[in-house]
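Here is a brief report on pockets in a protein chain.

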Amino acid sequence: MNNIVDKTELNRLAKEAYQNSYDHGWHETEREPEEVIALFHSEISEAFEDYRDSNLELKILESGKPVGLPSEIADIAIRLLDIYGQFHIEPQPYIIDASGESWNNRSISWWIYQFHYELRNALNGSTFNAKVFDSLFGLLFIFCDKFDIDLMNAIEIKHQYNKTRPYRHGNKKA
């Protein structure tokens, strides 16, 4: 899988993800930055649970809900896109050369840990550090290449589903 980073497409998705999030009530009040970061950790943990349950393929339930590891990875990306859209930041995924031995043969558990670890510097006081989000997005693209996940397709499928979800996903607090 070769996930090509198309910045024009990412900018479009960032605007759409933020608009959808706004339309569904997630930006009625300003969220504490710590809550936003906790929600990232929640999405990362959901991806790990799909791995633990061997739900490694993207599947669409009869309800139309996409499930599986690619769907949860897409949720992480959509959260990133929402942040980019909210703060009018142009996504600049930090893509590194992942062909070296240090990236090969790493387990999904190692990658999940890296996603959590990358968020350690996501806040500078109460301000988001966009470079951390760019780095996390870059890691998502590398991960998806390593595990043959079409990230852009998974994002599009999950985003389209999210448009159909009820307001605040049934009145969730966060």
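Helix α3 gives five residues to the lining of the largest pocket, the largest share. Helices (H or I, at least four residues) and strands (E, at least two) are DSSP runs, numbered from the N terminus. The model is predicted: local features need pLDDT of at least 70, side-chain atom pairs count only at pLDDT 80 or more, and totals for chains, interfaces and linings use all residues. Residues are numbered from 1 along each chain as its sequence is written, and side-chain values use heavy atoms, without hydrogens and water.

A pocket is an open set of points on a 1 Å grid over the protein atoms alone, where a 1.4 Å probe fits, with protein on both sides within 12 Å along at least five of seven lines; lining residues have an atom within 4 Å of a point. A volume is the space filled by probe spheres set on the points.

| Pocket | Volume | Lining |
|---|---|---|
| Largest | about 540 Å³ | 23 residues |

Nearest the centre of the largest pocket lie E43, D75, R79, R165 and H169. Two or more lining residues each come from α1 (7–23), α2 (33–52), α3 (69–86) and α6 (151–164). By class, this lining has five nonpolar, seven polar and eleven charged residues.

Confidence (pLDDT, from 0 to 100 for each residue) averages 89 over the protein chain. Helix α7 (residues 168–171) has the lowest mean, 81, and strand β2 (residues 66–67) the highest, 98.

Key: Ala, Val, Leu, Ile, Met, Phe, Trp, Tyr, Cys and Pro count as nonpolar, Asp, Glu, Lys and Arg as charged, and the others, Gly among them, as polar. pLDDT is the predictor's confidence in each residue, from 0 to 100.
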